[in-house]
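Dear colleague,

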Amino acid sequence: MTRAAVYLPDGYGASDGRAGPGRLGEVELDVLEVGPAQVVMREATVRDERDGALFTGGSGRLVFDPSAGGGPWADAAAERAARAFGVVNTAFHTQRALRYVSSLLGHPLPHLLVRIGMHEQWRPWCGGHYRLPGQGVGADPDATSPAGEVHMGGGAGFVARPGVDRYFRVPTHNPAIICHEAGHHVCRHTADFRLNRLRSPGRHTNKKTALDEGTADFITAVLLGTPDIYGWHRHDVPVAEQRRRKLDSRWTMAHFQGGPGSDPHADGTVWASACWSARRRIAETGADPVRFDTLLLVGMELVGRDHPADLSTDALRERRHYSRLMAAMAQADPALAPHVLAAMAEHGIHLGVSNNDLSRAARTGPTRLVDA
């Protein structure tokens, strides 16, 4: 075990004047190997692709100052420390996310590669995405791992709050972005919403569905212990807007857009919000809310196992339906199914109905946005 400084999720997003995205603390990180710019673990490899060594010596410690994210105005020492902290922080949250999921499924997921400082030759970038080697929408010539990889930008812009120092907007310091991208790896190797297991190597699709985005957001909320998962770096976005992606605002199918021009992140908020409500409903019955996390993941595996023989348009369309995954979740834990179905019905999600039909029904029926 290696001592490491990271942002801990407890208190994430609290408006208490802190300058960073969490509480800075030290943890024991389970590491197999540390290279000049990478950390290798059983679950994942996290590597900074930019020039320069970040880790030297054999002290057995990975403790670095976040340096407010570093950035273009930081001196060389602060920028190096911020980059090193970013690799370690990403390693911690990636390992934590994948270990939590694996503990509930009862088996590990394929090894994940996380690459930092990607795509900077085109533009400064403060986000992340999950990629498989493939073609078509979302194709990324830099993606090489057939098991899946996360690309993180080197940062761009600043998060500023009144009365606190600004923070360089670097995704490797942001637990929400890290956990969300790890959530896509979970989706790929359980439900496989885009049926990539039926595609030949190098021809995967990276287009995400609303179910994929919403599930990744829900997993993030569980890991961070807050429904306001992007509250730190999107604090200036009103909670009544979907792009804030605040899950306890209880978005319903009346807010679902669908169609080729829709944003799967916004539509996914409906699914994530329904999952958050269902998890709280489970807790209100006196059951451990982790049982909901388990039934979601087992339901996703059931969906993944039940796949067609070929990549027909109808098969792909059906895998986008919220009701299909909800039915598998009910099958995974029949005792909790009535509570889950009731909570999701409040968001306009019902069994056996397509997303578009659910949306039309919600727009004309009584479901609406309810403040939690």
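In what follows, buried means under 20% relative accessible area, exposed means over 50%, and partly exposed lies in between (1.4 Å probe, protein chains only). The model is predicted, so local features need pLDDT of at least 70 and side-chain atom pairs count only at pLDDT 80 or more, while totals for chains, interfaces and linings use all residues. Residues are numbered from 1 along each chain as its sequence is written, and side-chain values use heavy atoms, with hydrogens and water left out.

A search of the whole structure finds 27 salt bridges, each defined as a side-chain nitrogen of Lys or Arg within 4 Å of a carboxyl oxygen of Asp or Glu.

One of them joins aspartate 30 to arginine 99, with the closest N and O atoms 2.6 Å apart. Aspartate 30 lies in the loop between β2 (23–29) and β3 (33–34) and arginine 99 in helix α1 (residues 76–105), so this pair ties together parts 69 residues apart in sequence. Helices (H or I, at least four residues) and strands (E, at least two) are DSSP runs, numbered from the N terminus. Aspartate 30 is buried at 17% relative accessibility, whereas arginine 99 is partly exposed at 34%.

Arginine 115 and glutamate 149 form another salt bridge, their closest N and O atoms being 2.8 Å apart. Strand β7 (residues 112–116) holds arginine 115 and strand β9 (residues 149–152) holds glutamate 149, so parts 34 residues apart in sequence are tied together. Both arginine 115 and glutamate 149 are buried.

Yours sincerely
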